[in-house]
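Biologist: I am new to this structure. Please take me through one part of it closely.

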Amino acid sequence: MKILNVRGLHKWYGDNHVLKDMDFEAESGEIIGVIGKNGAGKSTFLEILMTMKNYDDGDVFVMQENLRDLSMHDLERIRRDISVVLQPTHFYKTLKVEELLKLFQAYYQSSVDLDQIIIDFHLQDHRKTLFDKLSGGWKQKVSLAVAFLSEPKLLILDEPTTGLDPHMRNVLWSYIVSYNKRNEGTVILTTHDMDEVEKYCEKVLFLEGGKVEMFDTTANILSEGFPSINDYYLTNISI
């Protein structure tokens with residue numbers, strides 16, 4: 001199933017042409033890395049996919065529905081199948097971790113086993129800790145646990161492993177990969193960590209100045225003679 005289908009997407013901020021004739025698509029089960037310099041248009045692109053920002057021209061289909069044709073009620077329905085983890089993380093400062101998870105479980109009307117989520121994200125020792133007292137890395141883990149509570153069809157991650165040690169990065173990615181296989185969801189990832197892109201993403205979208213410079217499988221990029229995705233990125237990015 002095609003989860004995302006973007007054709008001829010344009011976005012302006014005044015005279016600033018941020019996204020220029022973008023084409024993009026994502027199937028269920030895929031993990032896709034979106035890379036590019038700061039200011040390349042990545043954040044704007046993700047905000048459009050989240051249905052949180054309007055665009056000026058083109059078509060954006062999310063779960064096979066054209067966003068231009070949807071009422072506010074229909075947009076809210078679509079958003080129930082989308083989970084987002086952005087930087088920086090802000091949650092209710094006075095809630096404990098378990099209280100926060102229960103709150104979002106009720107909001108999503110989720111049947112996910114809360115205790116299992118806590119175990120999966122190694123949060124047992126922090127169940128009673130105030131969210132605001134957690135380190136940046138632990139806050140990120142809680143944010144990701146919240147995102148999975150809704151069993152999303154589309155999961156959008158912005159630098160998801162920032163602040164995590166190598167072991168917890170592996171734990172997180174193991175969960176993302178296994179979740180996607182079980183639920184045939186789609187993950188769109190923005191990151192500056194090219195090793196993560198190479199290891200976990202089936203496809204890579206490279207944005208440069210609001211344009212799609214490349215959208216291809218990781219395997220095809222490496223088959224062109226680049227030793228790594230990082231080498232591809234450094235070779236092709238403009239100074």
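Which residue's side chain meets that of glutamate 98 in a salt bridge?

Modeller: Arginine 127 does, with N to O at 2.6 Å. A salt bridge here is a side-chain nitrogen of Lys or Arg within 4 Å of a carboxyl oxygen of Asp or Glu. The pair links distant parts of the chain, 29 residues apart. Glutamate 98 sits in helix α3, residues 97-108. Arginine 127 lies in the loop between α4 (114-120) and α5 (136-149). Helices are DSSP runs of H or I with at least four residues, strands are runs of E with at least two, and both are numbered from the N terminus.

Now the surroundings of each partner. Glutamate 98 counts as buried, at 10% relative accessibility. Arginine 127 counts as partly exposed, at 24%. Buried means under 20% relative accessible area, exposed means over 50%, and partly exposed is in between, with a 1.4 Å probe and protein chains only.

A word on the basis. This is a predicted model, where local features need pLDDT of at least 70, side-chain atom pairs count only at pLDDT 80 or more, and totals for chains, interfaces and linings use all residues. Residues are numbered from 1 along each chain as its sequence is written, and side-chain values use heavy atoms, with hydrogens and water left out.

The largest nonpolar core has 47 residues, and Leu101 and Phe121 have the most contacts inside it. Such a core is a set of buried Ala, Val, Leu, Ile, Met, Phe, Trp, Tyr and Cys residues joined through side-chain atoms within 4.5 Å. Beyond its neighbours within four places in sequence, leucine 101 is in contact with Leu114, Ile118, Leu123, Ala145, Val146 and Leu149. Contact means heavy atoms within 4.5 Å. A second, separate core has 31 residues, including Ile3, Val18, Ile48 and Val60.

Back to charged pairs. The whole structure holds 15 salt bridges. One of them joins aspartate 132 and lysine 139, with the closest N and O atoms 3.8 Å apart. Aspartate 132 is partly exposed, at 35%. Lysine 53 and glutamate 47 also pair, at 3.3 Å from N to O. Lysine 53 is partly exposed at 24%, and glutamate 47 is partly exposed at 29%. Elsewhere, salt bridges link Lys2, Arg7, Glu25 and Glu27 in a network.

Last, the setting. The protein has nine helices and ten strands. Of its 239 residues, 49% count as buried.
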